[in-house]
Amino acid sequence: MKQDVYATDYQYSLVPLTIEDKDNYVKLRRQVTDTPQFYSTPEKVDMMWNIMTENDDINYSIYDSDGEYCGNIILKK
């Protein structure tokens, strides 16, 4: 798990989303989205990643106490 912890209850930690989280983020999005075609090619994945990370929203990854990726959260401004 990353060291830049934003918040934690020692069971789960929120850390700022970074490029290191991209593969986990995309894997999760493919599982939960109604539009999986947006993640069907590397070019589309890069486009969606850029759209998501270049807006004004605040994005965090969620890790458990073992350092395993559990998901993400987006705070809309």
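Which residues form a nonpolar patch on the surface? I looked this up in a model that is predicted. The patch is made of Ile58, Ile73 and Leu75, and together they have about 210 Å² of accessible area.

**Entry on Ile73.** Is Ile73 counted as buried, partly exposed or exposed? Its relative accessibility is 32%. Buried would need a value under 20% and exposed a value over 50%, so Ile73 counts as partly exposed.

**Entry on the sheet.** Next I looked up how the strands are arranged. The sheet is open and has 4 strands, in the order E1-E2-E3-E4, with antiparallel pairing. At its edges I noted strand E1 (7–8) and strand E4 (69–75), each of which pairs on one side only. In general, strands of a sheet pair through backbone hydrogen bonds.

How many bridges join strand E2 to strand E3? I found 5, between residues 12–16 of E2 and residues 58–64 of E3, and these two strands run antiparallel. Looking across to E3, I noted that Tyr60 there stands opposite Pro16.

**Entry on Trp49.** I then went to helix H2 (residues 42–53), where Trp49 is found. Is Trp49 buried or exposed? Its relative accessible area is 7%, which is under the 20% cut-off, so Trp49 is buried. I also listed what Trp49 touches, leaving aside neighbours within four places in sequence: Leu17, Thr18, Ile19, Asp21, Lys22 and Tyr25 are in contact with Trp49.

Last, I checked one distance. From Trp49 to Asn72 the separation is 23 residues in sequence and 13 Å in space, taken C-alpha to C-alpha.

How values were computed:
Residues numbered from 1 in each chain as written. Predicted model: local features only at pLDDT ≥ 70, side-chain atom pairs only at ≥ 80, totals over all residues. Heavy atoms only, no water. Pairing = 2+ DSSP bridges. Patch = residues over 30% accessible without salt bridge, like charges linked within 9 Å, V, L, I, M, F, W, Y side chains within 5 Å. Areas by Shrake-Rupley, 256 points an atom, 1.4 Å probe, with all protein chains shown as cover. Salt bridge = Lys/Arg side-chain N within 4 Å of Asp/Glu carboxyl O. Buried < 20%, exposed > 50% of the residue type's maximum accessible area, 1.4 Å probe, protein only. Contact = heavy atoms within 4.5 Å.
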